[in-house]
Amino acid sequence: MGQPVLPGTLDMLALKAISLGPEHGFGLLQRIQRCSGDVLQVEQGALYPALHRLEAQGLISAEWGVSENNRRAKFYALSAAGQRRLQQDLQHWRELVRGIDGVLGTELLA
Amino acid sequence: MIRRWLQPLRDLFQRRRFERDLDDELQFHLDSRTEQLVATGLSHGEAIRQARIELGMTELHRDGVRAARGLRVFDLAWGDLRYAARSLRRTPGFSLTAISVLSLPLAASLILYLLFDTYALQMPPVQRPQRWFYLEGIDELNRGVALLSPAQVEAIDTDLPPGVEGFYTTRYLHRPLQIEGRGGEAWRGGEAVSDHYFRLLGPRLQHGRGFLGGADPRDRYALVLSDHGWERLFQRDPQVIGRGLDIAGQRYTVVGVTAAGFTGTYPMSSLYWIRERDYRAHLPADEVDQRQLDLNGFLADDGSLDALNEALGARAQQLPVAADEDLVLHGLRAVPRRGVLREGDREEAMLAGLPVAAAVLLMLLIAAANLANLVLARFAARRHDMALRAALGAGRRRLLLQLLTECGLLALAAAALALALAALCIHPVHAATFSLLAEMGYDLIDIQLGAGSAVTATVMALIATLLFGGLPAWLVTAPWSARRRGQPDAAALKRADGSRLRGGLMVAQVAGSVLLLVIAGLIGANARRAELTPLGFDPAPLVAFDAGRDAQALARALREQAEVAALGGVSSLPLMSEGERMDGERDGRSDPLRVRFIDAGWLEVMNIALQRGRAFNAADAASAPVAVISRRTAELLWPRQDPLGRTLRLVRPDEAPAAWSRSVEVIGVVDDVASGWLVSGADHSMVYLPAAIGDGELGQILLRLHEASPRTLSRLHAICVDIDPGADCAPFRLSSALRVQRLPFLGASRLASAIGWTSLLISCIGLYGLVSYVVVQQRKELGVRLALGAQRSQLIRHVMRGAVRQIALGIALGLPLAIGLSRVIAALTDRLQTVDIGAFVIAPLLLAAIAVLAAWLPARRSARIAPSEALRADS
C-alpha cells in the first residue's frame with residue numbers, strides 16, 4: 001500500500017523526477033511512483049501547484065509540446081538553478097536521514 | 001529575477017490564456033489517466049469517474065496554482081473591490097454623504113497646493129535648473145539687496161568668474177503698450193533682458209527666434225512674445241512675426257514667440273521681452289546708478305556655488321562707489337534659484353500660507369473624524385457579516401483589508417470629485433486672490449491642473465483612508481484578532497462597537513469647528529475694522545505720481561491742469577506706509593514717533609483740518625526747524641498741555657542707515673487721520689516736517705482731482721512722460737492702496753468663514769448621522785420605554801443627552817484652544833485685534849444652537865416609534 005509523500009518533500013521529489021528528463025505532469029507523477037516502487041503515492045492534484053511554484057521560482061522551465069499519444073501537453077525541464085537546488089535538497093535529505101538513522105540505530109544500554 | 005517578479009503581472013494581463021493553459025494541463029492529466037484505466041479493462045465512463053475521483057477537486061488545485069503563481073493576491077483584491085462597490089451602491093445616502101464630506105477639504109487642499117506650487121515651488125521650464133542662481137548684494141547690515149544698478153552689473157559681468165557659464169539681467173516693466181494698427185493703449189507687463197537671456201535659459205520657441213546675442217544688429221528693437229502675449233496682444237495672429245508694438249513711445253518688432261508654459265521668471269506673467277540695451281537707450285546716463293536689475297546666471301558643468309561665492313567676495317571690492325550711501329554694497333552672494341520667488345520671498349510666502357494650510361488641514365481632520373464616525377457605525381452594524389466570514393476562515397487581516405478597501409473606494413471617489421471641484425474653482429479662486437494685481441494690469445501666471453494634481457489628490461485621499469478607515473476597521477475587527485481562539489463572545493462584540501471612540505471623535509469635531517469659527521470671527525472683526533476705520537480723509541480723488549528727477553517741472557505742469565484741485569509733496573504715501581520711525585525726545589523722555597516730510601500744499605490736498613496754530617507756508621524753507629503734529633501726538637508728548645511753541649528733538653534710531661537728528665518747534669496741531677495700517681486705527685502718532693518739492697526728501701507728488709476718470713489719468717500720465725520719458729509715470733490711485741490694505745483681510749475673512757462654516761456643516765452631518773444611528777440601535781429599548789409609559793419628550797431628551805454632552809465638551813475643549821491661539825497671535829503682533837465678543841461668544845453659541853438642531857432632527861424620530869413594532873422587530 002502506498003504511503004503519502006512526507007510533507008515538505010514534494011518539491012524535492014518533483015525536481016528529481018524532472019532531472020531524469022523533460023516530462024509532463026502526469027508523466028512525472030508516474031515516474032515518482034515507479035521509482036519509489038509504488039511506495040510513494042503523490043496526491044495528484046497537489047503536484048500541479050508544486051510544479052507551478054517551482055516554475056515561478058525559476059527552478060524549472062515549461063514548454064507546450066505534443067505528448068506520446070499526440071495530445072497537447074506541458075513539458076517541464078530542469079533549469080541550472082533547479083539543478084543546484086536539487087543538489088542542496090539531496091544533501092540536506094541525506095544528512096537528515098543519517099541523523100534519524102543514527103538515533104533509530106542506537107541500542108538501549110543495558 | 002526581474003522576470004520572476006513580473007511573471008504574476010504577465011499572468012494577470014494574459015489571464016484568459018493562463019486559465020486556458022491550466023484547464024488544458026488538468027484535462028490532459030484526466031485524459032491520460034482515463035486512457036490508462038481503460039487499458040486496464042475499465043469502461044470509458046467508469047475510467048473517467050475514477051480518474052476524476054483520483055484527481056480530486058480541480059477548483060481547489062486551480063486555486064493552489066493561482067496562489068503559487070502569485071495571482072491570489074490580485075483575485076482577493078478584485079473580490080474585495082467588487083464587494084465594496086456593491087456594498088456602497090446598496091447605501092447611496094451614506095456613500096454620497098461620505099464622498100461629499102471628504103471631497104470638500106480635499107478640493108480646498110488641492111487648490112491651496114496648486115497656488116503654492118505655482119508661486120513658491122514650481123520651476124519655470126528652463127534648461128539646467130540645478131545650475132541656476134541669482135546674485136544679490138549685501139548691505140552693511142548683512143541684508144540681501146535684490147536689485148543691482150547697471151554700473152554694478154557691468155563691473156561684475158566684465159569677465160566671468162571661474163565656473164560660471166554666463167550671467168543675464170532682467171528688469172520687469174509695466175508700461176503702456178500700443179499695438180500697430182490698433183488705437184488705444186493698455187498697461188501690460190514684460191521684461192527688459194540682456195542679450196544672452198534666451199541662450200542661457202533655453203525656453204522653447206514656437207515661432208521665429210529669440211535674441212541672437214552679442215549685440216547683433218538684427219536684434220535692435222526686436223521683441224519676443226510669450227504665448228500669453230501672442231494671445232492677449234495679437235489674438236494668435238499667424239502672421240505675428242514682423243508686426244509692431246509700441247512700448248512707451250518706441251516701436252519694437254516681433255521676431256519670435258515662446259512656447260506655451262514659459263512666461264518668464266517673475267511671479268507675474270510676462271507678455272514680451274525686449275533687450276535691456278534698447279530699453280536703456282531711452283534712459284538718461286545718470287540712471288545707471290539706479291538699482292533696478294535682477295542679475296542671474298548659470299553655473300558651468302564644473303562650477304560650484306561655493307567657489308563662485310568665494311570669487312565674488314573679491315569682486316565686491318571692485319564695485320563702483322555709489323554716490324548715495326543707500327546704494328553702497330559691502331558684498332555679493334550667489335543663491336540657488338528654486339522657482340519664480342527669491343529665497344526671502346519664498347519664506348514669506350510659506351509663512352503666509354502656513355495659517356491657511358493649518359486651517360485646511362484642520363478641516364480635513366474634521367472631515368476624516370466625521371467619516372470615521374460614520375464608518376464606525378456602518379462597520380459595527382455589519383458584525384454578523386464579519387462573523388460569518390470569520391467562521392469561513394477569514395482572519396483579522398482579511399477582514400481589515402475588506403473594510404479598508406471599502407474606505408479606499410470612498411476616498412478615491414472623493415478624490416475624483418475633489419479634482420473636478422478644484423478644476424472648476426481654481427481659476428476663480430486664483431483670480432480673486434490676486435484680483436488687485438489683475439486690476440493694476442499685471443497678468444497672472446497660468447495655473448493648470450495636470451497629472452501631478454491627480455497624483456496629489458489620490459495620495460491625499462489614500463492618507464485620509466488610513467485616517468478615517470484605519471482606526472474604525474482595527475477596532476471593529478478586534479474580536480477576531482489572532483490572539484483570540486474561536487468565535488468572539490457577546491462582550492467582545494459589544495466592546496468592538498466603538499461607542500466611546502465615536503463619542504471622542506464627535507467631541508474632537510465640535511472642538512475643531514469651534515476653533516475654526518472663532519478664528520474666522522476674529523479675522524472678520526479685523527476685516528470689519530479695516531473696512532470701517534474712519535480715515536479722516538477721502539482717498540477717492542487722490543492720485544500720486546513718482547516725483548522723478550525733475551519734480552519741480554512736473555509739479556508746475558500738473559498744477560496748471562484744470563482737473564487738479566490741489567497738489568502737494570510727501571516723503572511716503574499715506575496708506576502705503578506708516579511714515580518714517582524716529583525717536584522724539586523732550587523733557588528727558590523719549591517716545592517712538594512716526595514722521596512724514598510734506599510741503600506746504602499737502603495738508604490742503606489731504607483736507608486735513610488745522611486745529612491750532614498754523615500749517616507750513618512758503619516761507620518755511622525745507623529743513624526749517626518747525627513741525628506740525630497730530631492731535632494724538634500732542635496728547636502723547638504733552639498731555640493736557642498746550643504743545644504750541646514746545647521743542648521736540650527728533651532722532652533717527654541707531655539701526656537706521658544714516659544718522660540724523662533735528663530739533664523742531666511745534667507750530668501747529670492738525671486732526672488725526674488713519675494713514676498707516678487701517679487695523680491699527682487712527683495714527684498713533686504723526687509729526688509733519690517741512691520740505692519742498694524737488695529737494696529730494698519728497699519722493700511722491702499727490703494730487704486731488706476734481707474728477708479721476710481714466711481719460712484724465714491718461715492725460716496726466718502723458719504730461720509726466722513729456723517731462724521725463726524715462727520716469728515711472730504710472731498714476732497711482734490712493735483708493736488702490738486702500739484696497740491693498742482691505743483686500744487681504746476681506747479675502748482672509750471670506751476664506752476663514754468658508755472653512756469655518758464648512759467644518760461646522762461637516763460636524764452637523766456627523767451629529768445627525770450619529771444620533772440617527774443611536775435611534776436605530778436603541779429602537780427596541782425606546783419601544784420598551786414608550787410601552788412602559790414614557791413621554792415622547794422624555795425619549796427625545798434621553799436620545800439627545802449624549803449628543804448635547806458631546807457638543808458641550810467640544811465647545812469646552814475648543815474655546816480654550818481658540819483663546820490660547822489668539823494669545824499667541826497677540827504676542828506675535830500688536831497690529832491685529834485678538835479680542836472680540838462676537839468671535840468668542842456669539843460664534844460658539846451659534847455653533848451650539850446649530851449642532852443641537854442637527855441632533856434634534858433625528859431624535860424626533862424616536863418619538864414616532866410604534867412600541868409594538870419596535871418590540872416585535874429584532875434588535
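Visitor: Okay, what do the side chains of Asp63(B) and Arg66(B) meet in?
Guide: A salt bridge, with 3.0 Å from N to O. Keep in mind that this is a predicted model.

Visitor: Where do those two sit in chain B?
Guide: Both are in helix α4, which covers residues 58-68 of chain B. They are three residues apart there, so about one helical turn separates them.

Visitor: And is Arg66(B) buried or exposed?
Guide: Arg66(B) counts as buried, because its relative accessibility is 11% and the cut-off for buried is under 20%. Asp63(B) comes out as partly exposed, at 34%.

Visitor: Which residues are linked with them in a network of salt bridges?
Guide: Besides Asp63(B) and Arg66(B), the network takes in Arg15(B), Glu19(B), Asp23(B), Glu59(B), Arg62(B) and Asp75(B).

Visitor: How many salt bridges are there over all chains?
Guide: The count comes to 50.

Visitor: How are they covered?
Guide: Glu563(B) is buried, with a relative accessible area of 15%. Arg715(B) has 38% and is partly exposed.

Visitor: What's the N to O distance for Glu580(B) and Arg652(B)?
Guide: That salt bridge is modelled at 2.3 Å. Glu580(B) lies in strand β14 (residues 580-586) and Arg652(B) in the loop between β18 (647-651) and β19 (661-670), so the pair ties together parts of chain B that are 72 residues apart in sequence.

Visitor: Which way does accessibility go for Glu580(B), buried or partly exposed?
Guide: Partly exposed, at 27% relative accessibility.

Visitor: Now the surface. Which residues gather in a patch of positive charge?
Guide: Four arginines of chain B: Arg82(B), Arg86(B), Arg89(B) and Arg90(B).

Visitor: Where's Arg90(B)?
Guide: In helix α5, residues 72-90 of chain B. Arg90(B) counts as exposed, because its relative accessibility is 59% and exposed means over 50%.

Visitor: Switching to chain A. What's the secondary structure like?
Guide: Chain A has four helices and five strands. Along the sequence they come in the order β-α-β-α-β-α-β-β-α.

Visitor: What box do its C-alpha atoms fill?
Guide: Roughly 65 × 35 × 20 Å, along the principal axes.

Visitor: And what share of chain A is buried?
Guide: Of its 110 residues, 38% are buried. The accessible surface of chain A is about 6500 Å², and carbon and sulfur atoms account for 56% of that.

Visitor: What about contacts across the sequence?
Guide: Taking contacts in chain A between residues at least 6 apart in sequence, 51% join residues at least 24 apart.

Visitor: Last one: how many positive and negative side chains does chain A have?
Guide: There are 11 positive and 11 negative ones, and the centres of the two sets lie 6 Å apart.

Technical notes:
Residues are numbered from 1 along each chain as its sequence is written. Chains are lettered from A and ligands numbered from 1 in the order in which they are written. This is a predicted model: local features need pLDDT of at least 70, side-chain atom pairs count only at pLDDT 80 or more; totals for chains, interfaces and linings use all residues. Side-chain values use heavy atoms; hydrogens and water are left out. Buried means under 20% relative accessible area, exposed over 50%, partly exposed in between (1.4 Å probe, protein chains only). Contact means heavy atoms within 4.5 Å. Accessible areas come from the Shrake-Rupley method with a 1.4 Å probe; for residues, only the protein chains shown count as cover. Lys and Arg count as positive and Asp and Glu as negative; His and the chain ends are not counted. The place of a charge is taken as NZ of Lys, CZ of Arg, CG of Asp or CD of Glu. Patches are made of residues with over 30% relative accessible area and no salt bridge: like charges are joined within 9 Å, nonpolar side chains (Val, Leu, Ile, Met, Phe, Trp, Tyr) within 5 Å.
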